Amino acid sequence: MGAVIVYDLVRLAGFWQILRLSAQPDFGRHAVDEDLDRLTQAELVAEARKLRDAIRKHRDSTLHELCWHHPDLWGLLPEKTDPLPAVPEWPQFMRGCIHYRQSLDRELPDAGRIGVEFNKSGKTR
């Protein structure tokens with residue numbers, strides 16, 4: 001058999017394996033989410049409200065708050081890990097900041113532009 005045919009057979013076998021697994025009722029679920037199966041409806045609603053509040057707080061970030069690491073948001077997950085992020089070196093980090101700011105110009109051209117400086121206390125002035 002040629003290498004291309006073998007490659008196609010391997011891909012096809014992988015595809016069928018994915019289809020077989022995806023037919024199982026718990027496919028794509030994470031073991032860390034099994035706690036949800038034990039919650040009452042009231043507890044699930046309370047959890048949904050807590051998570052929505054946190055998402056809204058993050059969504060409503062503005063000014064320099066947009067740039068911060070948000071461990072309080074990740075802390076709402078049931079798995080209690082505190083992974084340290086991989087932090088880019090300064091040149092790559094600054095290029096990422098510039099790219100992010102440029103995306104705001106493209107995606108939110110009508111958003112207000114404010115000349116508020118950041119200060120070391122974390123507050124804007």
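**Notebook: charged and aromatic pairs**

I began with arginine 59, which is exposed, with a relative accessible area of 56%. The model I am reading is a predicted one. I looked up the partner of arginine 59 and found aspartate 60, the two side chains meeting in a salt bridge at 2.8 Å, N to O. Aspartate 60 has 49% relative accessibility and so counts as partly exposed, since the exposed class requires over 50%.

I then noted that salt bridges with shared partners join Arg101, Asp105 and Arg113 into one network. The structure holds 6 salt bridges.

About one helical turn separates arginine 56 from aspartate 53, because they are 3 residues apart in helix H2. For arginine 56 I noted a relative accessible area of 38%, which makes this residue partly exposed.

I moved on to the rings. The structure holds 2 aromatic pairs. Tryptophan 68 and phenylalanine 118 form a tilted pair, with 5.3 Å centre to centre and 55 degrees between the planes. This pair links distant parts of the chain, 50 residues apart: tryptophan 68 is in the loop between helix H2 (41–59) and helix H3 (71–74), and phenylalanine 118 is in the segment after helix H4 (90–107). I found tryptophan 68 partly exposed at 42% relative accessible area and phenylalanine 118 partly exposed at 32%.

Tryptophan 90 is exposed, with a relative accessible area of 63%, whereas phenylalanine 93, at 34% relative accessibility, counts as partly exposed.

Last, I checked the confidence. The mean pLDDT of the protein chain is 79, and 72% of its residues reach 70 or more. Over residues 1–10 the pLDDT is below 50, and this stretch has 2 contacts in the model beyond near neighbours in sequence. Where pLDDT is low, the predicted coordinates should not be read in detail.

Technical notes
Residues are numbered from 1 along each chain as its sequence is written. This is a predicted model: local features need pLDDT of at least 70, side-chain atom pairs count only at pLDDT 80 or more; totals for chains, interfaces and linings use all residues. Side-chain values use heavy atoms; hydrogens and water are left out. Rings of Phe, Tyr and Trp (its six-membered ring) pair if their centres lie within 6.5 Å; planes under 30 degrees apart count as stacked, over 60 as edge-to-face and the rest as tilted. Helices (H or I, at least four residues) and strands (E, at least two) are DSSP runs, numbered from the N terminus. Buried means under 20% relative accessible area, exposed over 50%, partly exposed in between (1.4 Å probe, protein chains only). pLDDT is the predictor's confidence in each residue, from 0 to 100. Contact means heavy atoms within 4.5 Å. A salt bridge is a side-chain nitrogen of Lys or Arg within 4 Å of a carboxyl oxygen of Asp or Glu.
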